[in-house]
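Work through the exercises below with the structure open beside you. Try each task before reading its solution.

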Amino acid sequence: MAFSTSFVLSKASAALRALALATLGTLGTQCQPGAPAEQAAKQAISPDSLKLETAVATPLPKFDVESHIMRQLALLPAAERQTAPEAMHRYQQLTRRFWLAEYSTEHLLKQAQTPSGPPDAAVFEQQLSLIQSHWRVLREGLSQRPPMPATMTDHLARMQQVERYQQGALADLQADCAASRPPQPDATTLAHQPAVQKLLAPLLREPAPLKMQLR
């Protein structure tokens, strides 16, 4: 009988300990700080809110300006190719800057004239500002150039006139962007483009083959 009583008491004691541990575990879970708030936050977050919005950014193409430097050097009379190294180096620098700005401008004008317009307005506006800075650098360089022979001087004068036309075209597109309008060349810009092509024509002639190291 003593063994039975002891066994019952032992089982009762074990049951009480198990109940106490279970109760403490439940209380511990309920008392953890921030648990209800975290659960509510998880329920409030939509899976779509974690998706990153990305814009289609179209970088400017890489234009082959070096071939145009070689073309213009080949268009120079033989005597002018022997001009002073400083003037020759400056001429090549200005030619490089000119074609970078001109090709970039032509690219943006074509984008603005497509039915769908530029693929991304914000990127387009940034590219406008970048190309305008290219033209400004060229204009400063043209104003500080040393004296040069006649053909070089004629080439640079043409570049200077094209710069005025194209800066006006870019300013027109930038005004559209600032006013949240689809950028489109205005009538003045379109009327000036044939004049630009006429100015560029002598610089685009096919010269005789020439081998000359760029400076």
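The model is predicted.

**Exercise 1. The chain as a whole**

Task: State how many helices and strands the chain has, and what share of its residues is buried.

Solution: 
- Step 1. The secondary structure consists of seven helices and zero strands.
- Step 2. Along the sequence this gives the pattern α-α-α-α-α-α-α.
- Step 3. The chain has 215 residues, and 32% of them count as buried.
- Step 4. Take the contacts in the chain with a separation of 6 or more: residues 24 or more positions apart account for 80% of them.

**Exercise 2. The pair α5 and α6**

Task: Find the angle at which the axes of α5 and α6 cross, and classify the arrangement.

Solution: 
- Step 1. The two axes come within 10 Å and cross at roughly 155 degrees.
- Step 2. An angle over 145 degrees counts as roughly antiparallel, so α5 is roughly antiparallel to α6.
- Step 3. The crossing of α5 and α6 is left-handed.
- Step 4. On the α5 side the contact includes Phe124, Leu128, Trp135 and Arg139.
- Step 5. Sorted by class, the contact of α5 with α6 has twelve nonpolar, six polar and four charged residues.

**Exercise 3. The pair α6 and α7**

Task: Describe how α6 packs on α7, giving the angle, the hand of the crossing and the classes of residue in contact.

Solution: 
- Step 1. The angle is about 155 degrees, and the axes are 10 Å apart.
- Step 2. The two helices are therefore roughly antiparallel to each other.
- Step 3. α6 passes α7 in a left-handed crossing.
- Step 4. Residues of α6 in the contact include Arg158, Tyr165, Gly168 and Asp172, while those of α7 include Thr189, His192, Val196 and Leu200.
- Step 5. The contact of α6 with α7 divides into seven nonpolar, six polar and three charged residues.

**Exercise 4. Helix α3 and its neighbours**

Task: Decide whether α3 is mostly covered or mostly open, and find what its buried residues pack against.

Solution: 
- Step 1. Seven of the ten residues of α3 are buried, and the helix is mostly covered.
- Step 2. The buried residues are His68, Ile69, Arg71, Gln72, Leu73, Ala74 and Leu75.
- Step 3. These buried residues pack against α4 and α6.
- Step 4. The axes of α3 and α4 come within 9 Å and cross at roughly 130 degrees. That angle makes α3 oblique to α4.
- Step 5. The crossing of α3 past α4 is right-handed.
- Step 6. Glu66, His68, Ile69, Gln72 and Leu73 of α3 make the contact with Met88, Tyr91, Gln92, Thr95, Arg96, Trp99 and Tyr103 of α4.
- Step 7. By class, the contact of α3 with α4 holds six nonpolar, four polar and two charged residues.

**Exercise 5. The largest nonpolar core**

Solution: 
- Step 1. The core has 33 residues, and Phe98 and Trp135 touch the most other members.
- Step 2. Two or more residues of this core come from each of α3 (66–75), α4 (85–113), α5 (121–143), α6 (150–178) and α7 (187–200).
- Step 3. The largest share is that of α4, with ten residues.
- Step 4. Leaving out residues up to four places away in sequence, Phe98 touches Trp135, Leu138, Met159, Val162 and Leu200.

Methods:
Residues numbered from 1 in each chain as written. Predicted model: local features only at pLDDT ≥ 70, side-chain atom pairs only at ≥ 80, totals over all residues. Heavy atoms only, no water. Core = buried A, V, L, I, M, F, W, Y, C linked by side-chain atoms within 4.5 Å. Buried < 20%, exposed > 50% of the residue type's maximum accessible area, 1.4 Å probe, protein only. Helix = DSSP H or I, 4+ residues; strand = E, 2+ residues; numbered from the N terminus. Contact = heavy atoms within 4.5 Å. Axes fitted to C-alpha atoms, helices over the stretch in contact; angles between N-to-C directions. Parallel < 35°, antiparallel > 145°, perpendicular 65-115°, else oblique. Left-handed = near helix turned anticlockwise from the far one by under 90°. Nonpolar A, V, L, I, M, F, W, Y, C, P; charged D, E, K, R; others polar.
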